[in-house]
Every structure is written in structure tokens, then in C-alpha cells.
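Here is a friendly tour of the salt bridges in this structure. Let's look at which side chains pair up and where they sit.

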Amino acid sequence: MTDSKKGRRASGKRERLAAAAAQVLHAQGVAQTTLADIAQAAEVPVGNVYYYFKTKDDLVEAAIDSQARNLREMIAALDELPTPAERLKALLAGWVDRRELTARYGCPTGTLASELDKRADGLDRSIATVMGALLDWVEQQFRAMGRADARGSAVALIASYQGVSLLTNTFRDPDLMTSEVHRLERWIDSLTEDPATGGDDDDADE
């Protein structure tokens with residue numbers, strides 16, 4: 001086997017382990033997850049895990065990187081839509097599509113951020129970077145809509161999502177996510193109807 005083929009196989013196995021880590025950490029949390037759990041989810045012998053990741057924290061970092069990569073791919077797809085309002089509403093539609101998973105485990109980024117916030121080893125800042133990237137993108141959409149307070153509007157939208165994710169998970173009720181997304185869609189529609197004023201911030205908090 002050539003070195004290039006070996007490199008591709010190694011890279012593929014590492015990415016598979018990182019994706020499995022993101023999945024298992026979302027379902028079980030950091031404290032309850034073992035390297036064996038991740039190896040099983042990735043269908044990789046547990047002994048091979050140590051070739052790519054020396055500690056569970058290394059796998060947590062890889063899971064964060066996997067979330068960041070998924071976010072970049074999602075944003076690239078959303079950016080293909082013609083208007084910022086359509087992009088934002090497509091983002092909301094994705095949240096509704098994942099409502100059953102959210103009801104079981106919560107928001108993947110939000111739950112991991114909550115766990116890692118108790119630590120001071122740098123992983124807390126790594127997950128904050130992922131959430132910050134989404135916040136920045138949402139701000140760009142509101143700015144493109146002529147929103148006077150683009151940052152505040154972005155914070156309001158992400159805060160609404162994180163809040164309803166917590167409630168959806170707490171009550172195991174995916175309909176809560178659907179209802180909140182519909183409210184946010186109406187809010188976005190109201191901003192496109194009167195872009196000159198930038199809309200009413202209070203609409204996002206009703």
C-alpha cells in the first residue's frame with residue numbers, strides 16, 4: 001500500500017472517530033462517555049483509538065472540531081439561498097427537523113458547552129468558538145436585511161433557540177421546538193416587511 005493510501009485511510013478513520021465522539025458525547029455527556037463507547041460507535045477496535053487520540057480530552061477536542069466542520073458545511077449550503085431571510089428560515093427549519101433528537105438529548109453544542117463550562121482547560125473556549133461562529137453568521141444575515149441592531153437580533157435568535165432546546169429536552173416535547181420556530185419565522189417575516197425601522201426587538205422575546 002502506498003503512503004498516500006495509508007494517509008487517506010488514517011485520515012478517514014480519525015474523522016470517523018471524531019464524528020462518533022460527537023454523537024456519543026451528545027447522547028451520554030462527557031463524564032459518562034468512555035473511549036470504548038466511542039470506538040464501538042465508530043466500529044473501530046478500541047486499541048486503535050489510542051493511535052489517534054491519547055486521552056478522552058483529545059477526543060472531546062476532535063468532537064468539537066467535527067461540530068465546527070459540520071457548521072461550516074451547513075453555512076455553505078445556507079449561503080446558496082438567495083436572501084438572508086430565506087437563509088435564516090432554512091436554519092430554523094433545520095432545528096425543527098432535529099426536534100426529536102433535541103427532545104432526547106438537547107442541543108449538541110449547547111449541552112457540551114454547559115458541561116465544559118465547569119472546566120478551565122481550554123475546551124470551554126473551543127466550544128464557545130463554534131457557537132460564536134454561528135452567532136457571527138446570523139448577525140451577518142440580519143445586517144444584510146438592514147437590521148439596525150444586527151448583533152442584538154442575532155443574540156435574541158440564538159438565545160431563543162438555546163432556551164427552547166433546554167425546554168424541549170427537559171419536557172421531552174418536540175412540539176415546543178416547532179412552536180418557537182414558527183414564532184421566530186413570523187418575527188423574521190416582520191423584519192422583511194419593514195426593513196427601514198429594523199423591526200422591534202421585543203418581538204423576539206414575546
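Arg119 and Asp57 join their side chains in a salt bridge, with N to O at 2.8 Å; the term stands for a side-chain nitrogen of Lys or Arg within 4 Å of a carboxyl oxygen of Asp or Glu. This pair links distant parts of the chain, 62 residues apart: Arg119 is in the loop between α7 (108–116) and α8 (123–144), and Asp57 is in helix α4 (residues 56–78). Helices here are DSSP runs of H or I with at least four residues, numbered from the N terminus.

The model is predicted, so local features need pLDDT of at least 70 and side-chain atom pairs count only at pLDDT 80 or more, while totals for chains, interfaces and linings use all residues. Residues are numbered from 1 along each chain as its sequence is written, and side-chain values use heavy atoms, leaving out hydrogens and water.

How many salt bridges does a search of the whole structure find? The search finds seven. Another one pairs Lys89 with Asp189, their closest N and O atoms being 2.8 Å apart. Because Lys89 lies in helix α5 (residues 84–97) and Asp189 in helix α10 (residues 174–193), the pair ties together parts that are 100 residues apart in sequence.

Asp136 and Arg151 also form a salt bridge, at 2.7 Å between the closest N and O atoms.

| Residue | Relative accessibility |
|---|---|
| Arg119 | 24% |
| Lys89 | 27% |
| Asp189 | 29% |
| Asp136 | 37% |
| Arg151 | 35% |

How values were computed: Helices (H or I, at least four residues) and strands (E, at least two) are DSSP runs, numbered from the N terminus. Buried means under 20% relative accessible area, exposed over 50%, partly exposed in between (1.4 Å probe, protein chains only).
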